[in-house]
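Colleague: I would like to learn how to read pockets and charged side chains in a model. Could we work through one case together?

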Amino acid sequence: MNRKYKILFFMSSWMVLACACEPKQQSLSYQEQIENQRKETDDFMNESDESPFVGADSLISLNYFLVSENFKAIAFIERIDNGSEMTLGTSSGVPRVFVKHAILKFQLEQQPQQLLVLKGVEDGTLFLAFADQTNDQTTYGGGRYINLNFSDQAEKITLDFNKAYNPYCEYNSTYSCPLPPIENYLKIAIEAGEKLYQ
């Protein structure tokens, strides 16, 4: 065996051995992914200096609905060209100004739904707040938020209500949280994501 083939043989043998020794990465189920995210949120609430619970005397554990893929939908993005400004009320009474950016259209509970996505005037970040039939009962009366981001080229996104969370003013009145626009009042119960804090 000449030197060239010896090198190739050695490299291929090493790669096989490395693959055999390397532990297999087990992919997490969807439910495990959501539960891990919720644990990370609890850790942040308990440990971060930026937590709205800073100074709390007891361990913080947020409340959630059970994870359900029935509240995950593919939403089609309909952009709003030259969107007008929209002023939202806030929990503190100080209004916040946004720009209408896009409409998300999707199906939930076999019904067509849509939500208005706004963009912050100051920071340019996307903002999605919604209200639904669970408000003031099992969820915060001021609505909930979902973080999202999509490129100018994106035509659709996954809209996951299992990731819906309470604004900080639910836990601490010193925060000023925008309320959902009237367009985002859904006429169904979104029994997914975060519940009222107790």
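Colleague: Which strand gives the most to the lining of the second largest pocket?

Modeller: Keep in mind that this is a predicted model. Strand E3 gives the most to that lining, with three residues. E3 spans residues 96-108, and strand E5 (126-127) also supplies at least two residues of the lining.

Colleague: Which residues line the second largest pocket?

Modeller: Pro-95, Arg-96, Val-97 and Phe-98 are among them, and so are Gly-120, Val-121, Glu-122 and Asp-123. The lining also includes Thr-125, Leu-126, Phe-127 and Pro-178. By class, seven of the lining residues are nonpolar, two are polar and three are charged. The space in this pocket comes to about 230 Å³.

Colleague: How many residues line the largest pocket, and which lie nearest its centre?

Modeller: There are 24 residues in that lining, with Gln-37, Thr-41, Asn-147, Lys-163 and Tyr-165 nearest the centre. Helix H2 (30-47) and strand E8 (156-160) are the elements that give two or more residues to it. H2 has the largest share, six residues. The lining divides into 13 nonpolar, seven polar and four charged residues, around a space of about 500 Å³.

Colleague: Now the charges. What should I look for?

Modeller: Side chains of opposite charge can pair when their charged atoms come close. For a salt bridge, the cut-off is a side-chain nitrogen of Lys or Arg within 4 Å of a carboxyl oxygen of Asp or Glu. By this rule the count here is four salt bridges.

Colleague: Which side chain does Asp-43 meet in a salt bridge?

Modeller: Asp-43 meets Lys-39, at 3.1 Å from N to O. The two residues both lie in helix H2, four residues apart, which is about one turn of the helix.

Colleague: Are Asp-43 and Lys-39 buried or exposed?

Modeller: Asp-43 counts as partly exposed because its relative accessibility is 29%. Lys-39 counts as exposed, with 51% relative accessibility. The cut-offs explain the labels: under 20% is buried, over 50% is exposed, and partly exposed lies in between.

Colleague: Which residues form the salt bridge that links distant parts of the chain?

Modeller: Lys-105 and Glu-78 meet in a salt bridge with an N to O distance of 3.0 Å. Lys-105 is in strand E3 and Glu-78 is in strand E1 (residues 72-79), 27 residues apart, so the pair links distant parts of the chain. Lys-105 is partly exposed, with a relative accessible area of 35%, and Glu-78 is also partly exposed, at 38%.

Colleague: Which side chain meets Lys-72 in a salt bridge?

Modeller: Glu-69 does, at 3.4 Å from N to O. Lys-72 has 30% relative accessibility and counts as partly exposed. Glu-69 is partly exposed as well, with a relative accessible area of 49%.

Colleague: Which residues is Arg-38 in contact with, leaving aside neighbours within four places in sequence?

Modeller: Arg-38 is in contact with Tyr-64, Phe-65, Val-67, Asn-162 and Gly-193.

Key: Residues are numbered from 1 along each chain as its sequence is written. This is a predicted model: local features need pLDDT of at least 70, side-chain atom pairs count only at pLDDT 80 or more; totals for chains, interfaces and linings use all residues. Side-chain values use heavy atoms; hydrogens and water are left out. On a 1 Å grid over the protein atoms alone, a cavity is a set of points where a 1.4 Å probe fits but cannot get out, and a pocket is an open set with protein on both sides within 12 Å along at least five of seven lines; lining residues have an atom within 4 Å of a point. Grid points are joined across faces, edges and corners, and a volume is the space filled by probe spheres set on the points. Ala, Val, Leu, Ile, Met, Phe, Trp, Tyr, Cys and Pro count as nonpolar, Asp, Glu, Lys and Arg as charged, and the others, Gly among them, as polar. Contact means heavy atoms within 4.5 Å. Buried means under 20% relative accessible area, exposed over 50%, partly exposed in between (1.4 Å probe, protein chains only).
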